[in-house]
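This report describes selected local features of a predicted model. Please consult the sequence and the structure below while reading.

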Amino acid sequence: MTIPVQYLGQYDQGAQPVMIPLAAGEARAGFPSPADDYIEAELDLIAHIVQRPSATFYVRAAGDSMERYGIFSGDILVVDRSLEPTDGDIVVIAVDGEITCKRLGKIGQRPYLLAGNENYKPIPLANAECHFWGVVTHNVHSHRGGRS
């Protein structure tokens, strides 16, 4: 079973940057420091996650096959089609006409697509018709269960 993706479009190079305050310090998972409550700078989040605008597009993930890798159904994947995929990369690829998002890996010396859920079998790439769409560089998901 593959994880379907919904094409959302390409990065808009003409879009005006949206500057969002970047808090100084770090968000610790332990005891917070009261000294870290000031603004360090402003950050254009898109400029931070899109390294090659002309080669970047977005797709929406669906399904549960990549959850171990932090990709959940409904997430927006940032995909760079200019990157050469290497072992361990998470890729968007069409295999025998079906678009999927999986981790590129090897079993023995043979290339496979590997799910981040043990309920899904590896997909062998040998003798399959493959069309590489790009390497997933970032993903965005809500921590509020789809609520605004």
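## Asparagine 117 and its surroundings

Beyond its neighbours within four places in sequence, asparagine 117 is in contact with Asp64 and Ser65. A polar atom of the asparagine 117 side chain lies 3.2 Å from the backbone oxygen of aspartate 64.

Asparagine 117 is located in the loop between β8 (110-114) and β9 (123-124). Its relative accessibility is 13%, and asparagine 117 therefore counts as buried, the cut-off for that class being under 20%.

## Arginine 81

Arginine 81 also belongs to a loop, the one between β5 (76-80) and β6 (90-95). Because its relative accessibility is 41%, arginine 81 is classed as partly exposed.

The side chain of arginine 81 places a polar atom 3.0 Å from the backbone oxygen of serine 54.

Strand β7 (residues 98-107) pairs with β6 in the antiparallel sense over 6 bridges. Within this pairing, lysine 102 in β7 is the bridge partner of valine 91. The hairpin of β6 and β7 has 2 residues between the strands, and aspartate 96 adopts a positive phi near 50° there.

Strand β7 also pairs with β8, in the antiparallel sense and over 5 bridges. Here tyrosine 112 in β8 stands opposite glycine 105. In the hairpin of β7 and β8, with 2 residues between the strands, glycine 108 has a positive phi near 70°.

Terms used: Residues are numbered from 1 along each chain as its sequence is written. This is a predicted model: local features need pLDDT of at least 70, side-chain atom pairs count only at pLDDT 80 or more; totals for chains, interfaces and linings use all residues. Side-chain values use heavy atoms; hydrogens and water are left out. Helices (H or I, at least four residues) and strands (E, at least two) are DSSP runs, numbered from the N terminus. Buried means under 20% relative accessible area, exposed over 50%, partly exposed in between (1.4 Å probe, protein chains only). A polar contact is a pair of N or O atoms within 3.5 Å; within protein, one must be able to donate a hydrogen and the other to accept it, and residues adjacent in sequence count only if both atoms are side-chain atoms. Contact means heavy atoms within 4.5 Å. Two strands pair if DSSP finds at least two bridges between them.
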